[in-house]
Amino acid sequence: MSTPAVKLRPLEATDLGLLVTWRNDADNRGFFFSHAPLTHSGQSRWYESYLGKRDAILFVVCTAEGTPVGTVGLDNIDHKNQKAEFGRLLIGEPQFRQKGYGMIALRETLRYGFDELNLNRIYLQVFRDNSAAISLYKKVGFVDEGTLRSDHYSRGAWRDVLNMGLLRDEWEQTR
Ligand SMILES: CC(C)(COP(=O)(O)OP(=O)(O)OC[C@H]1O[C@@H](n2cnc3c(N)ncnc32)[C@H](O)[C@@H]1OP(=O)(O)O)[C@@H](O)C(=O)NCCC(=O)NCCS
């Protein structure tokens, strides 16, 4: 598989409709902790509060031609402790999955966090049954930091949540 050219750009108001479509897809919703359907008005309110935040960044993942295909971001950016939470990774357009976009979006976000925000640690939470995402995270060096057993009730079952973390030193070794 050749590596696709991928661009990350900050979220804009005109992206909100697409985000609602992607996140409301029945399959996609099952991968996220907050799986209630999004509304356009709710998303607009969320965007207004997001614009005022200094501890979160959401990128839109685009093809080389600028077509939006997904999202990725950092939340809870904590400059004192030089850490942030990785999240919102979604390749929302199914035809763009398994083509390398997720991997590049993840790597670019890590590069932004470690190089530009000068973070020391990036951590995340993922459903333990999300084998595609866990495989992806392990490939860039995230390590298992423990399981929260039956942490969420979703898709009609109690689901375990895995904590994963990546330190700057570990990232430097694999980049
Ligand atoms: C997880 C996700 C972002 C991966 O994006 P992607 O663009 O399809 O992934 P890539 O093509 O870059 O693949 C990178 C690696 O991820 C893993 N992976 C991706 N899709 C996979 C699948 N269907 N099954 C198993 N592993 C998979 C593999 O390790 C793959 O490496 P490989 O190609 O050498 O086997 C995408 O499947 C997605 O949007 N899933 C739904 C949302 C989600 O689960 N987000 C994470 C929430 S924590």
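Which residues lie nearest the centre of the largest pocket, and how many residues line the pocket?

Modeller: This is a predicted model, in which local features need pLDDT of at least 70 and side-chain atom pairs count only at pLDDT 80 or more, whereas totals for chains, interfaces and linings use all residues. Residues are numbered from 1 along each chain as its sequence is written, and side-chain values use heavy atoms, with hydrogens and water left out.

The largest pocket is lined by 40 residues, and F32, R88, L89, L90 and Y137 lie nearest its centre. A pocket here is an open set of points on a 1 Å grid over the protein atoms alone, where a 1.4 Å probe fits, with protein on both sides within 12 Å along at least five of seven lines; lining residues have an atom within 4 Å of a point. The space in this pocket is about 1,300 Å³, a volume being the space filled by probe spheres set on the points, which are joined across faces, edges and corners.

The lining of the largest pocket comprises 23 nonpolar, 10 polar and seven charged residues. Ala, Val, Leu, Ile, Met, Phe, Trp, Tyr, Cys and Pro count as nonpolar, Asp, Glu, Lys and Arg as charged, and the others, Gly among them, as polar. Strand β4 (83-91) is among the elements that supply at least two residues each, and its seven residues are the largest share of the lining. Other such contributors include α1 (16-24), β3 (68-78), α4 (101-116) and α5 (131-139). Helices (H or I, at least four residues) and strands (E, at least two) are DSSP runs, numbered from the N terminus.

Y137, one of the residues nearest the pocket centre, is buried, as is F142. Buried means under 20% relative accessible area, exposed over 50% and partly exposed in between, with a 1.4 Å probe and protein chains only. The rings of Y137 and F142 form an edge-to-face pair, because their centres are 5.7 Å apart and their planes stand at 65°. Rings of Phe, Tyr and Trp (its six-membered ring) pair if their centres lie within 6.5 Å; planes under 30 degrees apart count as stacked, over 60 as edge-to-face and the rest as tilted.

Strand β5 also supplies at least two lining residues, and F127 belongs to this strand (residues 121-127). F127 is buried at 0% relative accessibility. R159 lies over the face of F127, 3.6 Å from the ring centre; the criterion is CZ of Arg or NZ of Lys within 6 Å of the ring centre and within 35 degrees of the ring normal.
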